[in-house]
Amino acid sequence: MRRLRQYLPALVILISMLVGWELAVRVLNVKAFILPAPTSIWAALIANWNDGYFIFPSARVTLIEALGGLAIGTGLGVVTAVVVSRFPRSRDTVLPLAVAVNAVPIIAFAPLANSWFGTLSPFSKMAIAAALVFFPIMINLLRGLTQVDSSALELMRSYAAGPTAVTAKLRVPNALPYFLTGLKIATTLSLIGAVVGEYFGGLTETLGRVVVAGASALRFDITWSAILVVSVMGIVLYLLVMLLERALIPWHPSVRGERRA
Amino acid sequence: MTGPESVVHLSHVNKTFETAGAATVALSDISLDIRRGEFVSLIGPSGCGKSTLLRLIGDLTEPSAGAVQVNGKPATQARLDRDYGMVFQAPVLFDWRTVAENVRLPLELFGQDKDTQASRTAEMLELVDLTDFARYRPYELSGGMQQRVAIARALAFSPLLLLMDEPFGALDEMTRERMNSEVLNIWQQTGITVVFVTHSIPEAVFLSTRVVVMSARPGRITKLVEVDLPQPRGLATRESSRYFNLITEVREALRAGEGPASDAGLSSVERTAAEGGIG
Amino acid sequence: MPRSPEPARSRGSRVLFFGLFFVGILVFWELLKFFGGDPWRYFGWTWRPPLDLWFASDINLPHVWAIVARIFQPLTSGANESLGSYLFWQSLYTWREAFIGFVVGGVLGIAIATAFVHFSLAERAFLPYVVASQTIPIVALAPMIVFFVGHNITAVVIIATYLSFFPVTIAMLRGLRSPDPRALELMRSYAATRRAILFKVRFPASVPYLFTALKITATASVVGAIVGEGPGGIQAGLGRAVLFFSQSYSIAPEKLWAAILFTAVLGVAFYGIIRGLEARILRGRPEAAGA
């Protein structure tokens with residue numbers, strides 16, 4: 001019963017949005033290339049799930065590209081953050097570089113990645129996703145590793161604890177909430193990286209290619225159904241991170257909730 | 001004298017803080033000797049440097065002049081050898097560890113094996129009477145209980161010196177008195193040497209074998225008051241006349257340390273009021 | 001073991017250090033090409049690299065000096081401004097859009113997070129859609145935005161805002177909820193209004209989280225502006241430059257790399273401003289010696 005109460009508001013909003021949308025499209029006679037009606041999007045999705053545009057198999061490939069990019073980007077981000085926190089002097093060299101890489105927009109990076117790794121290779125899309133994921137992970141983790149309560153640092157000092165021990169026993173647990181914040185941002189970015197990378201070329205059976213194919217055939221119901229699938233995947237990934245939060249940082253005030261005495 | 005009987009030895013210690021522009025002299029020419037098994041309180045007005053003095057002993061900061069020796073070694077060496085445990089004003093417990101895991105922390109850092117860790121932790125929790133709360137998280141405990149965990153943690157590796165920086169300042173009077181009895185209990189059971197910073201005169205007198213009275217900034221030692229109340233101390237102690245006399249002695253020493261205005265026997269606040277100043 | 005945090009290097013030495021490191025990267029770049037790229041042909045002399053590294057070819061990794069030289073050459077044959085000058089002015093143009101998007105996105109993010117923290121009903125109702133919004137590639141939404149707002153700067157700003165608000169929302173949700181519940185209880189015991197609690201406890205606690213998000217957003221807004229310029233139909237800005245140059249990549253890869261260089265510099269400069277701001281606002285907090 002409590003579960004229902006938890007999800008009810010979102011459900012209500014969803015239903016009202018869908019209804020409002022459907023009505024708006026019909027009543028205002030909105031052109032399909034702007035926004036098709038939800039019913040037609042749904043119909044296109046069903047019809048093309050494992051047929052026609054093959055949305056389901058495409059979704060699988062895109063998901064793999066996104067997750068691959070997420071893993072690579074997270075790995076790089078974590079390593080970088082740990083190194084910079086351990087050797088504070090490296091900040092001045094590493095951080096500007098990280099910012100610079102992050103500032104390059106996808107539309108510039110995608111042709112490069114395709115040229116480097118091959119347009120048809122999923123690895124080129126993973127590279128794009130990784131490039132988007134790297135910075136939020138790195139910067140959040142870095143802050144978490146360095147933003148430590150000074151009394152706690154003094155406590156460790158009173159125990160004559162070496163830098164490795166301080167990192168392992170204090171900085172890392174302290175950094176988890178920040179890291180998970182970065183991970184939440186990163187999951188959505190990894191999907192975007194994969195899909196938009198696919199716009200610029202890739203295997204036919206990927207959601208980005210479905211979007212492009214649908215658009216060139218003026219089938220915007222197809223386009224939006226692919227985007228819908230991307231969205232759902234994004235929400236699912238985000239929820240997974242939230243579950244991870246409950247498991248890893250039940251002690252953080254933002255997760256354990258506020259006690260009302 | 002710096003023999004093995006002397007656990008803490010301060011010799012002409014000065015501490016000056018450089019803040020933007022000005023230099024503040026926190027401590028001026030402090031010389032003090034603390035013997036094994038003593039319970040010494042440091043008391044003084046706010047800003048007199050008592051916390052700074054404690055931190056000097058714990059090698060959390062360096063003296064500007066003079067020498068600090070702990071257990072016959074320089075303070076830094078004593079810290080590296082883990083000769084002391086420290087309890088701060090705030091408990092500084094890690095929220096992501098349970099009570100037992102918090103107490104275990106120093107033992108983990110010192111590389112003790114798991115069995116020793118477990119038995120020491122259990123002993124310490126027993127000592128502070130928190131055995132039932134071993135699995136709880138710090139934020140589920142009251143302030144007093146958290147401080148008890150901090151004390152258990154500080155004692156986990158059986159240091160010979162315990163440094164306490166106003167540990168009960170945030171607690172209410174009744175909890176505070178109870179904690180005082182517990183600390184005394186622990187002191188007697190373990191034979192540890194304690195250096196205790198406080199701004200409560202009754203607390204200082206009740207707990208200590210000796211009270212070090214400090215003056216206002218720059219901090220100097222005004223007087224050393226020997227507290228010869230019998231052990232064990234309890235409610236009866238708090239109602240004895242010797243107790244009240246000692247409190248008065250300390251209070252007067254404090255006033256004396258406030259400067260020339262107190263020569264008339266009034267504290268600076270009382271004097272201003274008498275002259276028709278405030279209210 | 002140092003007794004206090006290492007003293008911050010002076011700005012001058014930090015810039016110098018980074019400069020040296022940057023030169024190191026360039027040297028490494030050219031070394032890769034030296035050992036595994038396409039043949040080098042200069043002044044009648046030819047060097048053939050021993051290995052064959054596919055990513056070090058002249059198409060994938062143009063020579064550093066080729067990129068630099070191209071910056072000083074005219075934009076296109078017959079144009080009267082250099083590539084560098086063109087890119088510089090386009091960068092400023094784009095930055096204007098990015099900055100507005102950054103500010104609006106930041107404010108929006110803070111507002112949404114604050115609303116969610118105070119009205120859990122709103123959070124349960126809308127958070128899924130806030131998250132979902134970020135999974136829709138902006139390139140798909142852009143035509144819709146342009147339809148409603150027209151081919152103008154507003155469309156680009158909206159797109160930049162769109163990419164900017166989410167990290168701020170997420171960070172503020174964490175930050176506004178990070179104060180110890182005891183501190184909140186204390187405020188309640190003073191019968192402090194929710195507004196007072198917000199300003200005296202929650203906001204200050206979220207500042208570190210906010211700045212981390214703002215640093216992400218600084219570059220995200222630049223990316224948003226650039227990405228928006230294409231579909232936004234704005235015939236200006238780095239977005240247009242990047243689109244043009246990626247189309248002609250196989251002919252003149254140096255142009256795209258030059259554009260990339262400028263976008264990177266723009267992003268780093270913006271990030272640097274935020275970092276400077278953060279240093280001033282968090283001054284005195286010992287934890288500020290962090291990211």
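Six strands of chain B form an open sheet in the order S6-S7-S8-S3-S9-S10, with mixed pairing. Its edge strands are S6(B) (84-87) and S10(B) (221-226), and each pairs on one side only. On average, neighbouring strands of this sheet are turned by 15° against each other, direction ignored. Strands (E, at least two residues) and helices (H or I, at least four) are DSSP runs, numbered from the N terminus. Two strands pair if DSSP finds at least two bridges between them. Axes are lines fitted to C-alpha atoms, for helices over the stretch in contact, and angles run from 0 to 180 degrees between N-to-C directions.

This is a predicted model, in which local features need pLDDT of at least 70, side-chain atom pairs count only at pLDDT 80 or more, and totals for chains, interfaces and linings use all residues. Residues are numbered from 1 along each chain as its sequence is written, while chains are lettered from A and ligands numbered from 1 in the order in which they are written.

**The sheet in chain B**

| Strand pair | Bridges | Sense | One facing pair |
|---|---|---|---|
| S9(B) and S10(B) | five bridges | antiparallel | Met214(B) and Ile221(B) |

Is S3(B) mostly covered or mostly open? Strand S3(B) is mostly covered, with five of its five residues buried. A residue is buried if 20 or more other C-beta atoms lie within 10 Å of its own, exposed if 12 or fewer, and partly exposed in between; the C-beta atoms are placed from the backbone. Both faces of S3(B) are covered. Phe39(B), Ser41(B) and Ile43(B) are buried on one side, and Val40(B) and Leu42(B) on the other.

Helix H5(B) (143-155) lies across S6(B) and S7(B) (161-165). H5(B) runs at about 170° to S6(B).

**Where chains A and C meet**

Chain A gives 55 residues to this contact, and chain C gives 65. Two residues are in contact if their C-beta atoms, placed from the backbone, lie within 7 Å. Several helices of chain A each supply at least two residues to this side, including H1 (2-28), H6 (122-146) and H10 (220-248). Which helix gives the most to the side of chain A that touches chain C? That is H8(A), with 10 residues. This side of chain A has 37 nonpolar, 13 polar and five charged residues. Ala, Val, Leu, Ile, Met, Phe, Trp, Tyr, Cys and Pro count as nonpolar, Asp, Glu, Lys and Arg as charged, and the others, Gly among them, as polar.

H8(A) packs against helix H4(C) (120-135) at an angle of about 30°, with their axes 8 Å apart. That makes the two helices roughly parallel (angles under 35 degrees). Thr188(A), Leu191(A) and Ile192(A) of H8(A) meet Val131(C), Gln134(C) and Thr135(C) of H4(C). Three of these residues are nonpolar, three are polar and none is charged.

**Nonpolar cores**

A nonpolar core is a set of buried Ala, Val, Leu, Ile, Met, Phe, Trp, Tyr and Cys residues joined through C-beta atoms within 7 Å. The largest one has 130 residues, and Ile159(C) and Ala259(C) have the most contacts inside it. Helix H6(C) (153-176) provides the largest share of this core, 17 residues. Not counting residues up to four places away in sequence, Ala259(C) touches Ala108(A), Leu87(C), Leu238(C), Ala241(C), Val242(C) and Phe245(C). Another core, of 77 residues, lies apart from the largest one. Among its residues are Tyr159(A), Ile34(B), Met124(B) and Leu163(B).

Technical notes:
Angles under 35 degrees count as roughly parallel, over 145 as roughly antiparallel, 65 to 115 as roughly perpendicular and the rest as oblique.
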